[in-house]
Each structure stands twice: as structure tokens, then as C-alpha cells.
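Here is a friendly walk through one protein model, from strands to helices to a pair of single residues. Have the structure open as you read.

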Amino acid sequence: MLWIGQLLIKEGVYSGANLSFNISFPNNYPNKEPNVYFKDNIFHPLIDPKTNKLDVEKIFSKWVPGKNTVVQLLYKIKDIFMNPKYFLITDSLNPESGKLFCEDYIEFENKIQEDIKKINEKNNELSEENNQNLIEEFQKILKKEKASANSKQEKLENYFLFKYKNIDK
């Protein structure tokens, strides 16, 4: 099973980020934790810069069926971008990020903002492309509807012309 999610971050160092992610559930869920992958690169200690995989094992030191749930996971996905305790982690999938947070916060923030800018530019391009596609589809529908209306009008006119011609006879 696969869930698709969207996270809009409005405050903190990740403010302005619009992050898409997937949650894939293994066959043995809930006995094993789900996997979380972000669609785009985002600089964070818990996110692998090569695969965009979230280190769920670091969030839940041990996944316990019945105790840990996907609802908790969703809250944690939001929390890792808001709570600085997750920025301090240096022994996860992106140790450079945690180390940079501790040693050079300005550079840490700059890297995040670079990624957010790339993500938002990409999202804007996709949005513009989608808007153009929607406009073209709408124009096609209007053209068909207009042709259909013209056809109906012709049929109606022909019907009345035929009917009125037969009344005069």
C-alpha cells in the first residue's frame, strides 16, 4: 500500500517549504515500520541526500506494533521540520546536516533555503504546465460543446422548417 502526502511548512527554518512524500507500507505492517520517501531533496539530518528516504528508525527507536501507528508517523514527519532536537542528530542518514547545524547554523539555514527555492521553482513550473494543460483541455471541451450546440440548433431549425412547410400544405 502507498500513501502520498503533502506538507506545507509555515514557520521555522523550513518555512515556505512545500514537501511531497510517499509512505510505503511493507507487507508485514504493522509489525514493521513504513518507509517514507520525499519527492525532492531537502537538507535534513534524518533524510538521505541520495534517496530522500526518512530515517524512521531514528524517530522511533524501536517500532512497536500497536503502540506506534501511522498517525504518530505523520505527526513525526511534521515535527522533524519544526523541532530543533531533530536538527542535532549527527549519526543518521545525513550526518553533514546535523554537524552543520551544530557548527555553522547560517550555512545550515542557507542549504535548507537553497533546497526550498529549488523545490518551489519546480512546483511552480509544474503548476504552470498543469494550468496550461487545463486551459487546453477546457478549450477542447468548449469547442466540442459549441459544435454540439450548433448541431442541436441545426436539427431544431430543420425540424421546425420541415414542420412548418408541412402545415402550409
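Buried here means under 20% relative accessible area, exposed over 50%, and partly exposed in between (1.4 Å probe, protein chains only). In a regular strand, side chains alternate between the two faces of the sheet.

A word on the ground rules: this is a predicted model, in which local features need pLDDT of at least 70 and side-chain atom pairs count only at pLDDT 80 or more, while totals for chains, interfaces and linings use all residues. Residues are numbered from 1 along each chain as its sequence is written, and side-chain values use heavy atoms, with hydrogens and water left out.

The pLDDT, the predictor's confidence in each residue from 0 to 100, averages 87 over the protein chain, and 85% of the residues score at least 70.

| Element | Residues | Mean pLDDT |
|---|---|---|
| Strand S3 (highest) | 35-38 | 97 |
| Helix H4 (lowest) | 105-168 | 76 |

S3 runs antiparallel to S2, and 4 bridges join them; strands pair if DSSP finds at least two bridges between them. In this pairing, Ile 23 stands opposite Val 36.

Next comes helix H2 (residues 70-79), whose buried residues are Val 70, Leu 73 and Ile 77. They cover an arc of only 45 degrees around the axis, which puts them on the same side of H2; the arc is that of the directions from the helix axis to the C-beta atoms. Their cover includes strands S1 (2-8), S2 (18-24) and S3, along with helix H1 (56-59).

Now for two single residues. Ser 97 lies in helix H3 (residues 95-103) and counts as buried because its relative accessibility is 0%. Leaving out residues up to four places away in sequence, Ser 97 touches Phe 43, His 44, Pro 45, Phe 87 and Phe 108, where contact means heavy atoms within 4.5 Å.

Lys 32, in the loop between S2 and S3, counts as partly exposed because its relative accessibility is 36%. Beyond its neighbours within four places in sequence, Lys 32 is in contact with Pro 26, Glu 57 and Trp 63.

Note on methods
Helix = DSSP H or I, 4+ residues; strand = E, 2+ residues; numbered from the N terminus.
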